[in-house]
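The following note sets out a few points for a colleague who has the structure at hand. Each point takes up one topic.

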Amino acid sequence: MTTTFPDISINTDRLVLRALEEADAPALAEMMNDEMVAAWTAVPQPYTEDAALRWITEYAPAERTTGRGLDLAVTEFLTQRLVGVIQLSHTNWRVRSTEISYIVAPWARGEGYATEAALATAQWLFGDQGFERIELRTAADNTASQQVAQKIGSISEGVLRNACIARTRTEDGTWADLRTDFIVWGLLPEDLEGVADQMAEAGYSSFTDWS
């Protein structure tokens, strides 16, 4: 039984999802220092280029080769600009399930990239890798992330009370932890039926290919 992810490239009409590269480090560090990323993720703040390089050269390869997860750069097809990151984690190869999360750079928001990248990844996981479940966890107040989960067909399955640590700015400009709930979403292969067509009607890419 396969227990690790391949070195994969996933393509849509507008995006290429590929392994992180060392050249991505400056843009990745800039993305991770964004206020919204800091508020809704556990990324250390401030986030340095050295930290980005460690993620690219150490953490991401280890996640893939051990089968724990997969980290993909999301880039624009035409410009090759880094516009986000897709992460798979907490992978269970016996159950064929994994957890997906997504981050979009501040310079690329409002384009539907998170939805397009998450849907393409789900199609690959279900269609090529034989997965049976994808899970998403969104902070209770992170409505943008919740909208992505809904758009790709995920079903809200419940609330993990007080299970999430978000962050908020204090009066002196530093970050303070803020405890909140996690909303748990589940996505099964049959949940994708019709989703690609709905996205195409809304003007987003419905084409996905991988190699």
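1. Q80 in this predicted model is partly exposed, because its relative accessible area is 48%. Q80 is placed in the loop between β3 and β4. Its phi is near 65°, a positive value in a residue that is not glycine.

2. R96 also deserves attention for its backbone: phi is near 60°, again positive in a residue other than glycine. The loop between β4 and β5 holds R96. Is R96 buried or exposed? With a relative accessible area of 16%, R96 is buried, since the cut-off for that class is under 20%.

3. A cis peptide bond runs from Q45 to P46, with omega near -5°. P46 belongs to the loop between α2 (35-40) and α3. Its relative accessibility is 68%, so P46 counts as exposed. From P46 to R179 the C-alpha to C-alpha distance is 20 Å, and 133 residues separate the two in sequence.

4. On the packing of helices, two packed helices are described by the angle between their axes and the distance between the axes. Here the axes of α1 (residues 25-32) and α3 (residues 49-66) come within 8 Å and cross at roughly 110°. That angle makes α1 roughly perpendicular to α3, because the range for this class is 65 to 115 degrees. The crossing of α1 and α3 is right-handed.

5. Which residues make the contact between α1 and α3? From α1 they are A25, P26, L28, A29 and M32, and from α3 they are E49, A52, L53, W55 and I56. By class, the residues of this contact comprise nine nonpolar, one charged and no polar.

6. In soluble globular proteins, nonpolar side chains tend to be buried together. The largest nonpolar core in this model has 37 residues, of which F5, L17, I86, Y102, W124, I134 and L136 touch the most other members. At least two residues of this core come from each of β2 (15-19), β3 (70-76), β4 (82-92), β5 (97-104), α4 (113-127), β6 (133-139), α5 (143-151) and β8 (175-187). The greatest contribution to this core is that of α4, with 10 residues.

7. I86 may be examined in more detail. When its neighbours within four places in sequence are left aside, I86 is in contact with L17, L70, D71, L72, V74, I100, S101, Y102, A117, A118 and T121.

Methods. Residues numbered from 1 in each chain as written. Predicted model: local features only at pLDDT ≥ 70, side-chain atom pairs only at ≥ 80, totals over all residues. Heavy atoms only, no water. Axes fitted to C-alpha atoms, helices over the stretch in contact; angles between N-to-C directions. Helix = DSSP H or I, 4+ residues; strand = E, 2+ residues; numbered from the N terminus. Parallel < 35°, antiparallel > 145°, perpendicular 65-115°, else oblique. Left-handed = near helix turned anticlockwise from the far one by under 90°. Contact = heavy atoms within 4.5 Å. Nonpolar A, V, L, I, M, F, W, Y, C, P; charged D, E, K, R; others polar. Core = buried A, V, L, I, M, F, W, Y, C linked by side-chain atoms within 4.5 Å. Buried < 20%, exposed > 50% of the residue type's maximum accessible area, 1.4 Å probe, protein only.
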